[in-house]
Structures are given as structure tokens and as C-alpha cells.
Amino acid sequence: MHDLRISLLDQCNFRCPYCMPETEFHADFEFLKRQDRLSHDEILKVARVAAGLGVSKLRLTGGEPLLDKKITELIGGLASLPGVDDLALTTNGMLLGPMAEHLAEAGLHRVTVSLDSLDEDIFRRMSGGRGDLATVLGGIAAAEEAGLAPIKINVVVQHGVNDHTVLDLLEHFRGTGHIVRLIEFMDVGNRNGWRLDRVVPSRVLLEKIQERWPLRRADKNYPGEVARRYQYLDGAGEIGFISSVTEPFCGDCSRARLSADGVLYTCLFASKGTDLRELLRNHADDVELADVLSRIWLQRADRYSELRRPELAEAHVLRKVEMYRIGG
Ligand code: SAM
């Protein structure tokens with residue numbers, strides 16, 4: 001385990017139909033109560049013990065992590081943990097503009113901003129009517145200014161929804177140093193209405209992009225990196241593909257995910273995890289916690305993406321943890 005993703009809260013200011021559709025996550029939806037979420041001290045304790053076991057990359061996610069009012073204090077604590085050399089955050093960018101500098105000052109290294117299209121109407125629809133394109137672009141500019149680089153831009157590509165706007169988006173970010181990552185629409189959770197015919201296989205996109213801008217494959221930055229990296233031959237930078245549906249990468253995975261309510265999962269598509277909150281609230285010491293974390297990691301046998309059967313995923317018969325609980 002090298003990479004721990006920490007979901008700070010399950011609430012979000014967007015309602016992306018592929019993640020938290022408004023029909024399911026409506027005004028009466030019951031999100032976790034404050035006391036059910038891990039406190040920052042509890043998160044710091046898990047992260048410290050995980051770092052002692054070799055975790056060097058931490059990513060804060062959610063829900064929308066920037067809705068956490070005290071996130072800068074948490075970042076300060078996480079940044080000072082020995083062994084952590086990469087501290088990142090995934091955000092929809094709506095609240096990033098005014099916060100970017102404070103996040104960087106607190107010790108955050110870089111951000112990933114989710115942005116599915118530069119077409120205003122499509123973007124708005126894909127954020128569940130809540131996103132404002134200019135605000136998100138302003139957030140990206142502020143992050144750049146604050147040195148939270150390299151900035152990654154996550155794009156979930158859906159057939160017939162935003163796939164025809166991908167080239168425009170790439171054109172916009174070419175030459176900026178930001179790395180666009182094209183993500184296949186995944187069957188995370190059970191509420192996002194996943195359908196195989198909405199998935200655009202990365203190889204199809206790759207061909208389309210190559211016709212416009214020739215690319216060459218680049219090596220992984222580190223073992224276990226899930227994005228396949230490509231560089232523009234004309235030197236305009238790098239893009240990546242995350243192809244969990246058509247080219248699964250379970251074998252390489254070195255990630256664990258801590259949900260907002262303190263359950264540790266070893267797979268994005270897991271149905272079961274290990275409740276660390278109980279352990280933390282029963283005053284487990286570092287040794288006990290380290291023991292549990294290493295046991296979980298050694299015993300993991302998740303190969304969901306490699307074994308995925310689309311007909312089962314479409315029928316939503318496997319009860320998987322929801323994305324809004326464990327983040328991306
Ligand atoms: N709210 C933050 C954001 O929007 O980036 C962090 C949480 S969000 C769940 C993390 C990432 O998961 C986003 O980039 C989002 O696009 C991606 N995601 C959510 N549902 C997905 C799905 N069904 N398939 C692929 N990616 C998905």
C-alpha cells in the first residue's frame with residue numbers, strides 16, 4: 001500500500017448524474033452526521049500509522065473536500081507527517097479560487113480538478129445544474145498561481161453526453177502543463193445508472209485524438225500508476241487514460257481508500273471494508289492500528305475490474321460502496 005485516499009465527507013455541492021444523481025441524492029437525503037464522520041485527529045492518526053507502514057502518497061477527496069471548513073488545518077497536519085512526499089486533493093473546483101493559496105501555504109502539493117466539458121451547457125448538465133464553468137476555470141488558474149502543480153484535469157467521458165467535446169477540452173489545455181485524464185465511465189456504486197453503452201473505450205478516444213495530434217506512449221511515473229500516459233509529439237504536454245472498464249489494472253493497484261465514516265476499502269468497487277472508526281474510538285494504539293492495516297493489505301484479493309461482468313454491473317446486483325462515500 002503506497003497510496004491512501006481519504007474521503008473527508010460524503011456531501012457535495014454538485015449532483016453529477018454519473019456519481020450523485022439528484023433523483024437519489026435529493027434535499028431529504030441523509031448524509032453522514034458530524035459525529036459519524038472521522039474527526040481530523042482520527043484521520044491524522046490513520047494517516048500517520050499508514051505512513052509508518054510505507055504509504056507515501058495521500059489524496060483528499062469526498063464528496064467535495066473543500067466543503068470541509070477546517071481543511072487547511074488538516075492539510076498542515078498531514079503535510080508534516082514523516083514519509084508523506086505527495087499530498088494531493090481532488091475537487092470539482094467550485095470553491096478552489098479563493099482557497100488555492102491557503103491550501104498551498106498549508107502544505108498541499110497539487111490538485112486534480114474534475115471538469116467534464118468546456119461546453120457550458122454540457123458542463124452544467126454534468127454537474128447536475130450546479131457548476132459554473134468560469135468559476136471552475138478561475139479555480140484552476142488560482143491553483144496554478146499558487147503552485148499546486150502539475151494540475152490534473154479529470155474528465156469522465158460518456159458516449160452521447162460529452163464525448164464530442166473532448167477534443168476542444170484537450171485543445172484548451174494543450175501547452176499549459178496541465179494533464180488532462182480521460183476516464184471511462186465506471187460502474188462505481190449502485191446508484192449512478194451505469195450502462196456499458198455509455199462507456200467510451202479509451203482506445204476509441206485515443207484513435208480520434210491521434211488523428212489530430214500524434215501521441216507517443218510514455219512510461220509510468222511509478223509502479224501502480226493507473227493512468228496510461230501519452231505525450232503529444234509536438235511537445236504540447238501530456239494526457240492520460242484511465243480505463244478501468246476496458247483495460248483493468250487490478251494487478252498493479254497499490255491504493256487503499258478510507259471512507260468519510262472510517263471504513264477502509266482496498267478497492268473502489270468493494271462491497272465490504274474494515275471499520276477503523278470503531279477501533280479508533282475504542283482507543284486502539286498505533287501498534288494495534290498498524291497491525292490491522294498491514295493485515296488488511298496483505299489479505300486483500302480484490303480483482304473487481306478484471307472480473308467485471310457488464311451484465312451484472314448493469315443489473316446493479318452487487319452491492320458496492322458508493323463513490324460519494326469513498327471518493328474517486
Ligand atoms: N468532488 C470531488 C470532485 O468532483 O473531483 C471529489 C470526489 S469525485 C467522486 C472524484 C472523481 O471521481 C471525480 O473526478 C469524478 O469525476 C470521478 N467519478 C465519479 N463518478 C464516476 C464514475 N461513475 N466513473 C468515473 N469517474 C467517476
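**A tour by selection**

Begin by selecting Phe-25, which is buried, as its relative accessible area is 0%; keep in mind throughout that the model shown here is a predicted one. If you now include Phe-31, you have the members of one aromatic cluster, formed by Phe-25, Phe-29 and Phe-31.

Next, select Tyr-230 and Phe-241, whose ring centres lie 5.5 Å apart with planes at 90°, so that this pair is edge-to-face. The pair links distant parts of the chain, for Tyr-230 belongs to strand β8 (residues 228–232) and Phe-241 to strand β9 (residues 238–242), eleven residues apart. Both Tyr-230 and Phe-241 are buried. The count of aromatic pairs in the model comes to five.

For the last stop, show helix α1 (residues 40–52) together with helix α9 (residues 286–299), and look at how their axes come within 9 Å and cross at roughly 70°. An angle from 65 to 115 degrees counts as roughly perpendicular, which is why α1 is described as roughly perpendicular to α9. The crossing in which α1 passes α9 is right-handed.

To see the contact itself, select Lys-45, Val-46, Arg-48, Val-49 and Ala-50 on α1, and then Asp-286, Leu-289, Ala-290 and Leu-293 on α9. Sorted by class, this contact of α1 with α9 has six nonpolar residues, three charged ones and no polar ones.

Notes:
Residues numbered from 1 in each chain as written. Predicted model: local features only at pLDDT ≥ 70, side-chain atom pairs only at ≥ 80, totals over all residues. Heavy atoms only, no water. Axes fitted to C-alpha atoms, helices over the stretch in contact; angles between N-to-C directions. Helix = DSSP H or I, 4+ residues; strand = E, 2+ residues; numbered from the N terminus. Parallel < 35°, antiparallel > 145°, perpendicular 65-115°, else oblique. Left-handed = near helix turned anticlockwise from the far one by under 90°. Contact = heavy atoms within 4.5 Å. Nonpolar A, V, L, I, M, F, W, Y, C, P; charged D, E, K, R; others polar. Phe/Tyr/Trp six-rings, centres within 6.5 Å; stacked < 30°, edge-to-face > 60°. Buried < 20%, exposed > 50% of the residue type's maximum accessible area, 1.4 Å probe, protein only.
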